[in-house]
Protein chains: 2
Amino acid sequence: MKLRVVVIGANAAGAKAASKAKRMNPHAEVTLIERGNFISYGACGIPYFVSDTVADVKELMSTPVGVVRDAAFFNKVKGVHVITGTEVVSLDRQSRTVQLFEKESAKAFSLEYDRLVLATGSSPSLPPLKNRDLGNILTVKAIEDAELLKERAVTGKRACIVGGGLIGLETAEALRQKGLEVTIVEMRDQLLPGILDPEMASLVERHIRQNGVEVETSCRVAGFDGTGVVNKVLTERGEIPADVVVLAPGVTPNVKLAKEAGLEIGPTGAIAVDSRMGTSDPAIYACGDCCETTHLVTGKKVHVPLGSTANKQGRVAGINASGGEATFAGILGTSILRVFSVNAGKTGLTESEARAQGYDVETVLSPAPDKAHFFPGAKPIALKLVADRATGRILGLQAVGEGAVDKRVDAAAAAITFGATADQLSHLDLAYAPPYSAAMDNLIVAADILKNKLAGHARGISPRKVRQMLDDGDDFILLDVRSPAEHAEVGIEGATLIPLGALREKLESLPKDKEIVTFCKISLRGYEAQKILDAAGFRDVKFLDGGIMTWPYELRRGGGA
Amino acid sequence: MKLRVVVIGANAAGAKAASKAKRMNPHAEVTLIERGNFISYGACGIPYFVSDTVADVKELMSTPVGVVRDAAFFNKVKGVHVITGTEVVSLDRQSRTVQLFEKESAKAFSLEYDRLVLATGSSPSLPPLKNRDLGNILTVKAIEDAELLKERAVTGKRACIVGGGLIGLETAEALRQKGLEVTIVEMRDQLLPGILDPEMASLVERHIRQNGVEVETSCRVAGFDGTGVVNKVLTERGEIPADVVVLAPGVTPNVKLAKEAGLEIGPTGAIAVDSRMGTSDPAIYACGDCCETTHLVTGKKVHVPLGSTANKQGRVAGINASGGEATFAGILGTSILRVFSVNAGKTGLTESEARAQGYDVETVLSPAPDKAHFFPGAKPIALKLVADRATGRILGLQAVGEGAVDKRVDAAAAAITFGATADQLSHLDLAYAPPYSAAMDNLIVAADILKNKLAGHARGISPRKVRQMLDDGDDFILLDVRSPAEHAEVGIEGATLIPLGALREKLESLPKDKEIVTFCKISLRGYEAQKILDAAGFRDVKFLDGGIMTWPYELRRGGGA
């Protein structure tokens, strides 16, 4: 008898699982069930469709050579039988049967399986909001939404995005590019919570504000107002006029079917799976947004739904469901977005996440050009590395800037997967030529500073702490060691100038017992100044992490000569 | 007494070692000796200075904030005493003394050291060539050469580059951009030997020919002709007219001083060092182009001089010379270049290198867009992965294309450093959003194909082998499974068309016992076709590695409908 594999959900994970199962076991009968009308589309491309960056929605549903991945394609090319527009109503594990309901014909029927793969995805998770049902309040999860939103982008004037995460920011840019006034409302006290630490997020916030987007953080949405269609967003801090609202909150896994069938749900609320993507029922696998996975740094279960992970898990589930053997170890929560011309990404743990997990952390904030500084088109990026002080192990990297952020995130992701220490990261043999990086790549420089900090040679202080000391009127010296020209152009109010080259000669002019915070553009000269002062017997010298370039507060412009 | 550290050679490695030694041990007396007049310049930037991409040669010698890294800078900022224009004549290890000769004043003097760091660099390695002393025969190793070459680039008409390696290709582009006719002469049978396998190198060769550069491979230069200045290059295959010649051969380490002092020279001909960069004399360290290092894949000693490695080694040598403790494990031979608009890089071993080391290898050739295929500006890149068949361990990656090659090389370098297998590579949590990659990054796709090959599910055949079979008139079916439109536009002469979507219906039209080679644009559909034919009982089916996109031979244009 033929092995019957049924896959529920035909987006990234499900489509992959079905194709792979059939390819591995050509004699299996593979059926792919989808409640919507579209299968295997690139949901991540929706903001680009809204902004007209991608002209035709079909491109999101096509293979790289332009073949639309529809039911006929799956049937002919993949040998997979596809049923769309059909809801899975229930799952009987005893009889290995799923109950189906075809929506258009209102026909109920059932299907038996030998192996079942759940790829039921996730849904936006929203608290009950007043007047949620008004018109022009949209999400950006499905192709249908995208088309509606695109219509709105033409006729609307003011958009409000609820949620300052990846999708929220991408959508904000898309609508701004279409000429709308855009406000992002985020409940937490920063953009991109869970992805960036506050000082890194503030670099992104500054950039999107410069591009004309309003940002309201620490602001909870209570509901909406309007007649028929929305005309304002009600927040705890007042009203925001809006004729189109996009809900871009976090998502929750779709586990109703699994839960009702008695499958184990994990601590994250997603379907519990082992490394073979097997659920608590040996005949049932799960993959993609509906299931949890293991974080490779903490070893704990997490739910981080992403298209890239869905594909990998789908492949593993497909192989195992068709009788093969494959495992998936876990993820690092790697995330990235481009918004206007800034790139922001992370892999592993942020400082906040690491502290919450109980790590004693050391961090480094290192801005620098992304190519050889003399190479035209070099653009700055700021890296933040987080390490475990006890072992020197790298826990995470964040990267923000107009330059090639993704490259550093990917290299760090590979290194962190294997438990790299700061020393190992600093010695990676990365590709060097002037169009690609400095002789010492940003990642190498950051790792070197981290080593200096871990060894106690370098002592940094965070911008946040220095800002606090300035605000409190603390008695310390903020020492700018840049050139007079740099100092004149831009600076931090309250700083004293002694260029690094003159520091050895001017030691007498500084008090040895006072706290001194040195800084320069990016912190390397600040660190050299700290070493010179240390050697001369100064007792309390630190350098400002990240220098002027990642100072997230107001800078003095001009007038400092 | 103060620790006296003397560093010989003030380019990347030496300058780094001296600065680091002083920073780690501020009470040390650090002296940096350089025979030339310039210190710490970016030699890798020279081709960009020649092409006017970098306007001022000073930029190559400056810090990112524009401070020239000259003797005064090192003295004032780094606290390092610099002596330029001074040759080290000999080294007496007994008395720990170096004999110096200042060229301008013709003054001989000596200097005692407690710790010595050799950073004597490397020199172009050329066999004796007839009339080598003619004018306008230049190298691109020093700033002085760069200025001469730039002059020649203005007045010259025909340039000949001897050597088809990284520097040769970068210089060829620079001179072509200045309007010269350019011919590259390479003794080996391909460009970029030691960096790319032949089929990958041929993609680069095709690109630079399209940009108007002539390429002569398998061609040895015998000498030059001309009166006073060169006017032709004499090769074993005839003469090449040229009014400027650039010698860009491999380099050999400068070990004369070390050899004469009786220091151990390693099997590669470079100074032997341990992981602390220590030589056979406990008071002497070496770093940069003059010493050898360990290849992290083979564990064998290699000599791969690169600015990125020099900086890392210099740091380690500087720390150890000043009484600290640091180690450097080794390298992967990672290399990269941009020539015109193509990027080409590698890390780890090429297939040829791996076979020469005795590995039983499996390879995959995988071309695909570097971003989501629907994202504007996505450009193709071709990856070649090389793995050890016995363990599945990744031995190397090569990448060529107009897209973001460096990112994949760096991620692979990090993974290979830690001994990643194909399975581990395929599960890396790389950063995904449409502006950066497809949901399955090129590296993930390549690793997945590799896994299919290692498991025996996928059977590839190299373009070279298929070309041979076509040339020999072998009896096999070359099966194009693309769409009729794709087939009509471009193809391989002699191929039969059955689109993938029609293959399951047309199985009857194909003979089951004949050898069949399937292909598509990039080989994924080719692989699917192989699986369909396998399942239907066909006995000898393979797919063409890399498909049309990496077919290095002539393609049929049009007329195939």
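Me: Before we start, what counts as a contact here?

Reply: Contact means heavy atoms within 4.5 Å of each other. Keep in mind that we are looking at a predicted model.

Me: Thanks! With that cut-off, which residues is B:Asn452 in contact with, leaving aside its neighbours within four places in sequence?

Reply: From chain A there are A:Lys20, A:Met24 and A:Arg315, and from chain B there are B:His457, B:Ala458 and B:Tyr527. B:Asn452 itself sits in helix 12 (residues 442-454) of chain B.

Me: Why is B:Asn452 called buried?

Reply: Its relative accessibility is 6%, and buried means under 20%. The value falls under that limit, so B:Asn452 counts as buried.

Me: What makes A:Arg315 and B:Asp448 a salt bridge?

Reply: The rule asks for a side-chain nitrogen of Lys or Arg within 4 Å of a carboxyl oxygen of Asp or Glu. The side chains of A:Arg315 and B:Asp448 meet at 3.3 Å, N to O, so the pair passes. The count between chain B and chain A is ten salt bridges, along with 38 residue pairs in polar contact, both partners at pLDDT 80 or more. Helix 10 (residues 405-417) of chain B gives the largest share of the side that touches chain A, nine residues.

Me: How do you know how much area chain B and chain A bury between them?

Reply: The size of an interface is often given as the accessible area lost when the parts come together. For chain B and chain A that comes to about 7700 Å², 61% of it on carbon and sulfur atoms. B:Phe418, B:Asp429 and B:Tyr436 supply 10% of the area that chain B buries against chain A, more than any other three residues. The contact takes 90 residues from chain B and 89 residues from chain A.

Me: Now within chain A: what makes A:Asp545 and A:Lys453 a salt bridge?

Reply: Their closest N and O atoms are 2.6 Å apart, and the limit is 4 Å, so this pair qualifies too. Across the interface of domain 3 and domain 4 of chain A, the rule finds one salt bridge.

Me: Which residues of domain 3 of chain A lose the most area to domain 4 of chain A?

Reply: The area buried between these two domains of chain A is about 800 Å², with carbon and sulfur atoms giving 73%. On the domain 3 side, A:Leu365, A:Pro367 and A:Lys453 lose the most, together 60% of what that side buries.

Technical notes. Residues are numbered from 1 along each chain as its sequence is written. Chains are lettered from A and ligands numbered from 1 in the order in which they are written. This is a predicted model: local features need pLDDT of at least 70, side-chain atom pairs count only at pLDDT 80 or more; totals for chains, interfaces and linings use all residues. Side-chain values use heavy atoms; hydrogens and water are left out. Buried area is the accessible area (1.4 Å probe) that two parts lose on being put together, summed over both. A polar contact is a pair of N or O atoms within 3.5 Å; within protein, one must be able to donate a hydrogen and the other to accept it, and residues adjacent in sequence count only if both atoms are side-chain atoms. Helices (H or I, at least four residues) and strands (E, at least two) are DSSP runs, numbered from the N terminus. Buried means under 20% relative accessible area, exposed over 50%, partly exposed in between (1.4 Å probe, protein chains only).
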